[in-house]
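The following paragraphs lead through selected backbone and packing features of the model shown here. Please keep the sequence and the coordinates at hand while reading.

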Amino acid sequence: MATTTEELQIEKLSLKGSIVTFESFDLPASNQRILGSPHPKNTVIPLALRPTKADAKVTLDAAVEIIKTLQEKDGILTKKLARHGTLLFRDLPIHNAEDFSKFAHAFGYKPHEIIGIVVNRPLLAPNVAPANEAPKEVLIYNHNESPQVPHAPEYIFFYGNRAPSKGGESPISSSLELFNRAQQEIPEFIAELAEKGVLSKVTYFLEKQYEGGSTLKQAFGKEIQEGDDEETKRRKIEAQIARYGRGEHTTWEWNEEGLVLTHRLPVIRTQPGTNLPTLFTGLASYWKRTQFDTEARKKVTQQLFGDGTPIPEKYLAHLAKITDEIRVLHRWQEGDVLVYDNTIAQHGREPWQGEQSDRVVMASLFDGESVPGPYGKTIRTHRLIREISHHVIADPYGVSFNDFDFQNFS
């Protein structure tokens, strides 16, 4: 595609006798697009990077060192993520979980502690686990990672170890752009989300309910020991919930199947550094799941307005419509690494043909300086949203939001 991707403006660095430089390159139109407001003009998603042709024989150690050096130089790659939302690294010598772990850790982020996850992610290497292992027929629609729990990672790394011949793409879209479009097209819905937030009700079952899903013990039972009685198990699970919950905005109820956990959460967050509003959500994915997924998966999560009233289906369908119009589908090549800024970029997984084992994607989750989860900020009034939307359209990334009254969600 003809784009205006910029070269990564860095000097060549000599590392252990070799020179390594990343350059940007274009992808097909189905895999890459120019972002709309509020992103700066001619910003693409994803920004695709690879070693220059002169660096064709770059080693993993050299790639790791260049990543570390770039991050030490004022967090260059973190700033690229904040602008583009997603980076693609291609043509690097990453062949397995251990290689991927070394590469991901080179960015210098703190590994994310997974608590309350609804999918099973066994450890493959330091801070590396399989991505969602639901059956290949299951669509996992665009969403920010872990929007249904208070503690979400800030950066998501995916590594394509094996790619199917047809299907299995990873969607990429901007939740900054999603907010901007939704504010223009369904402003009454944005106003209601700003005022109420959402109630996220997640059921954690004693037994796995579907392939790829987690159990209550996998989600919260890291302190449970063999021989613990039921009272001790419950106490340890509740301690984990309390540890990562939102105080009075987190409640739970035990039943015969397991535990129903409810969080009252903001949906509208702000991007660190710019304070641009972003829809940090899985609402469109939730709506898609209720339309097409199995009954077992439908039972796991419920999404309501923060006052407990249902969210009209027309709004959820409209979020999916916008998402379809602004997303691209990343076609995997073996060895690819996608890095998402989870605050402003959404991901997912398309179904594929062939065998389940034809697609192997691994994930590594990290926290940044500000976790977009525990006490994320939300915007409280319709008037304020209108003002923000006006300024974002007029001067993206240039406006100061210091005069606006952002509050911790309560």
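**Backbone, sheet and helix**

With a relative accessibility of 28%, Asn275 is classed as partly exposed; buried means under 20% relative accessible area, exposed over 50%, and partly exposed in between, with a 1.4 Å probe and protein chains only. The model is a predicted one, in which local features need pLDDT of at least 70 and side-chain atom pairs count only at pLDDT 80 or more, while totals for chains, interfaces and linings use all residues. Residues are numbered from 1 along each chain as its sequence is written, and side-chain values use heavy atoms, with hydrogens and water left out.

Asn275 lies in the loop between strand S16 (268-270) and strand S17 (277-279). Its phi is positive, about 60 degrees, although the residue is not a glycine. Asn127 likewise has a positive phi, near 60 degrees, but Asn127 is buried, at a relative accessible area of 18%. It belongs to the loop between strand S8 (110-111) and strand S9 (129-130). Most residues other than glycine have a negative phi, and most peptide bonds are trans.

Two cis peptide bonds can be located next. One joins Ser37 to Pro38, with omega near 10 degrees, and Pro38 sits in the loop between strand S4 (33-34) and strand S5 (44-45). Another joins Ile45 to Pro46, with omega near -10 degrees; Pro46 is in the loop between S5 and strand S6 (47-51).

Helices (H or I, at least four residues) and strands (E, at least two) are DSSP runs, numbered from the N terminus. Four strands form an open sheet in the order S14-S15-S13-S18, with antiparallel pairing; two strands pair if DSSP finds at least two bridges between them. Strand S14 (250-254) and strand S18 (301-305) are the edges, each having a single partner strand, so one side of each lacks a neighbour in the sheet. Within the sheet, S13 (residues 198-205) and S15 (residues 258-265) pair over eight bridges in the antiparallel sense, and Tyr204 stands opposite Leu259 in S15. Helix H5 (residues 187-196) packs on the sheet and touches S13, S15 and S18, where contact means heavy atoms within 4.5 Å.

Finally, consider helix H10 (residues 313-326). Its buried residues include Tyr315, Leu316, Leu319 and Ile326.

Note on methods
Axes fitted to C-alpha atoms, helices over the stretch in contact; angles between N-to-C directions.
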